[in-house]
Amino acid sequence: MSELLKVNDLHVSVEDGEILHGINLSVNPGETHVIMGPNGAGKSTLGYSIMGNNHYQVNSGKIFFKGEDITELSATDRAKSGIFLTFQNPIEIPGISLSNFIKNAYDTKNGSRSKLWDFRKLLEKYMEKLNMDKSYANRDLNVGFSGGEKKKAEILQMLMLKPDLAILDETDSGLDVDAVRTVSDGVKAFHENGDGALVIITHSTRILESLDVDYTHILVNGKIVATGDASLVDEINANGFEKYLED
Amino acid sequence: MDLKINKLPVPTWNWLKVNDYQVAIPEEINEASYRINTKDVNLQSVQSFADVSLEGIEIGAGNEFKSISDKNSAKVCAVNVNKDTVVKEPIRIDFDYSKEENAFSKFAIKLENKSELTVIINFKGNPSFGGNDIRFSVAEDAHLTVVEIFDFEDNSNFIDSIGGSLEKIGGLKLMQLNRGLGNVALSCYTDLVGDKSTLDIDTGYLVRGNDRLDINYVAKHRGVSTDSKIKASGVLRDNATKTFRGTIDFIKGAKHATGDEREDVLLMNEGVHNNTVPLILCAEEDVEGGHGATIGKISDEILYYFEARGIPEDMVNELMAQSKLDAVSGRIPDEVTKEQLLNRD
Amino acid sequence: MEKKEKTYVEDVDRSLYDFRNVDEDVYKVEEGLTPEIVKQISKEKNDPEWMTEFRLKSLEIYNNKPMSNWGPPIDGLDIDNIVTYVKPKNNKMSADWNEVPEDIKSTFEKLGIPQAERESLAGVGAQYDSELVYHNVREEVAAQGVIYTDLESAMHGEYADMIKEHFMKLITPDDHKFAALHGAVWSGGSFVYVPPGVSVEIPLQSYFRLNAPGAGQFEHTLIIVDEGADLHFIEGCSAPKYNVANLHAGAVELFVGKNAKLRYSTIENWSKNMYNLNTKRAVVEEGGTMEWVSGSFGSHTSYLYPMTILKGDDSKVEFTGITFAGEGQDLDTGLKVVHVGERTLSTVNTKSISKSGGISTFRSAVVIGPKAKGAKSAVDCSSLMLDDISRSDTIPVMEVNCDDADVGHEAKIGRISDEAIFYLMSRGISEEDARAMIVSGFADNVSKELPLEYAVEMNNLIRIEMVGSIG
């Protein structure tokens, strides 16, 4: 089977300088990858670079998705082709309701106008799964949402849009135990309902407990310094990143 | 002779009477006398602002005042701080006008690259007409602080005007405190020419009796990433009239510039008149500008809270009024002045 | 794909508002302004004597008043070139669309007026150039005693005294030069009277269409909502684009009685050769409520500041407005509120958007009078700059002459954040759509206040303005 995502020697910089110094990563359909690393290692930058963001400049290297070079594509086109990124701090947008927003994205992705009633049924089903109050559907996008509700709203979008590749950026940070469980149930549902691949960026392991991890990558100072299977997560849990940090 | 000063950069309805401030000034104005105290800075007396190349700039009170100033025979006290010089001890200037005096004073303050200076000016006495014209130029990474304390007696009339420009990373911090009596006009025009230059205005006032206070601040953002903060906070009593004009002007090209102006006014008696006019002019997309104003009396919640603690209403008013001025005084970056203002019975 | 959409939008724009009828056989007065022209209009209108005198007096005031020394330039407007009175051919106002001349009827059909009347309005007035061509009110509403008719015939009927008592008493010819001009050459417009306690459940609407090139429209709207009554009035306006300046200097006088409520909604979409120098004013009695909903999209130059005088104790006003200034437009809009009575309340929420070199200015005056004890005012205005060739100015004044008042003002100016656009793009929405969505969201507080079909029209206008703005 051909690779879903292939990142080739990716160098990425922002205004202040280069952050990623040559990343290589391959993800196949249905796989779950975990990217761990200390703060400031470049984990979120990697997520943004795969999603495509003008703020992050690709200096060299390529990103392939479903065999196509997407390095130059806009975020819109990458989203349309099946990439999804959850944001650590989803932006608040007044005047657009959560439901209306997802419907727009949903219809764009599917290339047809869905019937409002059918759409609402589907949305409410997933909201229930995520323990979200239905009233959130009519509230302005992320405006006044608590940290937990914002994260749930991100997972809700993922479930609705059914991307081929979902990148979860610190989706579990700042959540209480119950919320982490709800979110990780949501992720599990996404994973089980198709062959969507997951790239989970995290520096904790709570969200991983109910998931089958195929690969774990350790990202330190803009480089992947180790790749292993699920057991690597346990090792990091026990010993931290110290062994991978350069002196 | 009538003079129109403190003009609003963009006029609005005339019936509001905020487009300018009309003042009568005498035909003959003498040179003001003052004490100036500095041990580290060289002072020079020059004939005119042209001698220090500060004749062409815009000033806070406007062109009519400027031409009066330029015609006046008072000498310009020129202050120059050399490159890389940080003057630790502030220059202290004290005015004490005698009764019914008509007097004018002029200062030219120039800071060369990476220099720092604080100027503290105390105005006292009873001028029938007093005028003061301060023009400045702040070079790269230089920082000027000007503190002015106005404490006039009844029936005084005074116009204070400041104007100048800031080069790259240069900064002006201006504090003005009007705590006395009389009719006072304050103004400052700052040209934020250099990238990342900053303006910080912090003003406090108390206006009483039938007195007037008229304020006009203009921040002209030309450089990239320039920042201005204008804050005014004050108390109006009796039949006092106050007009606050603050203009943040983003010129095209002033990318990433930020500007914010706030005024809060405490109204203490029925007869007060307050005008608050906070303008934002914007010809650049990539900026963030904001203004806010709160005008009113002490909220019932606060009154109730104090009363529940046994403090009667009139005392709460005095407390709140005093604390407004004290808050500004407390931010003055000079221990001597702070002590003089806050150490009272 | 993008190109196609742009073409499509231009088509919508033209067919929706920009069609013109050839003006043949119409009766017009000469261009310019003289006592003879004013007398001629007065005669044509069969004015009562007091009105003829009023017109001539207004003309005198007009001639003696200077142009304002503030606001956008109006050099492009030469009153000597403006035709102040244009009467459609064979005009006779009717309450039956079938009796309206065919070309005029089809104009209003294209604008969707008869359809809206059938579906969602209690009454409709339609003005074409200087004269009303249609006026009708639903029977059940008329049965409640609601009067909705053209002002001119009302002046000769049962309500003659009421009109004489109120006409240009709120907006006097002395107010400003264009109020004086209006007093001299006004023509057309509606009169509404809602008797005490009557609540008109669905809105009334007047639609103003200016078809003749180089002409002025000077309609006068007079609405009296009596004690405890309730009315929603909608005003729509549009015109085809010409290369010569057109002028709109209407006047709207609103009297809101004790405990009465009036909502006045406007979607203004004049063509971009229009000088819109309109004056609107409301006076609110004790416990009454005035609500303004105002969308300004069209015209070349606008001076528009609906004024509310909160005369009675406990009266209040809510103002919701949006201004969208695109290429070649200089829109100076805002409001005035004067708090006279005790515990009066004003709440203002405005948005302005500037794009493609457009200039939008928010100008306001909130005045708290010396006797307005317990008055409260909250103003919130936000401006959005969509590029760096446009301009957005905010010029508010707060005059407070009473210590027992609570006045707050907040204003923000900025642009659409890159983060917001990226977030939407990461969900598969194109950059163009992302911008349009954010702008619609920005305008949402206004569209929420409009009846559904007008909200849809407003969102269409925003889309028309937004699509094709990138690249």
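**Exercise 1. Which residue of β6(C) stands opposite C:Ile147?**

Solution. Start from the pair itself: C:Ile147 stands opposite C:Tyr193 in β6(C). Strands here are DSSP E runs of at least two residues, helices are H or I runs of at least four, and both are numbered from the N terminus.

Before going on, some housekeeping. This is a predicted model, where local features need pLDDT of at least 70 and side-chain atom pairs count only at pLDDT 80 or more, while totals for chains, interfaces and linings use all residues. Residues are numbered from 1 along each chain as its sequence is written, and chains are lettered from A and ligands numbered from 1 in the order in which they are written.

Next, zoom out to the strands. β5 (residues 147-150) of chain C runs antiparallel to β6(C), with four bridges joining them; two strands pair if DSSP finds at least two bridges between them. β6(C) also pairs with β9 (residues 220-225) of chain C, in the parallel sense over four bridges. There, C:Phe191 has C:Leu222 as its bridge partner.

**Exercise 2. Why does B:Ser105 count as buried?**

Solution. Locate B:Ser105: it sits in β7 (residues 91-111) of chain B. Now count. B:Ser105 counts as buried because it has 24 C-beta neighbours inside 10 Å. Leaving out residues up to four places away in sequence, B:Ser105 touches B:Ala32, B:Tyr34, B:Ala74 and B:Asn132, with contact meaning C-beta atoms, placed from the backbone, within 7 Å.

**Exercise 3. How many residues of chain B are in contact with chain C?**

Solution. The tally is 37 residues of chain B against 32 of chain C. On the chain B side, β18 (273-282) and β19 (287-296) are the elements giving two or more residues. Finally, look at how the chains pair: β18(B) and β24 (residues 391-400) of chain C are antiparallel over six bridges, and B:Asn275 stands opposite C:Glu399 in β24(C).

Methods: A residue is buried if 20 or more other C-beta atoms lie within 10 Å of its own, exposed if 12 or fewer, and partly exposed in between; C-beta atoms are placed from the backbone. Two residues are in contact if their C-beta atoms, placed from the backbone, lie within 7 Å.
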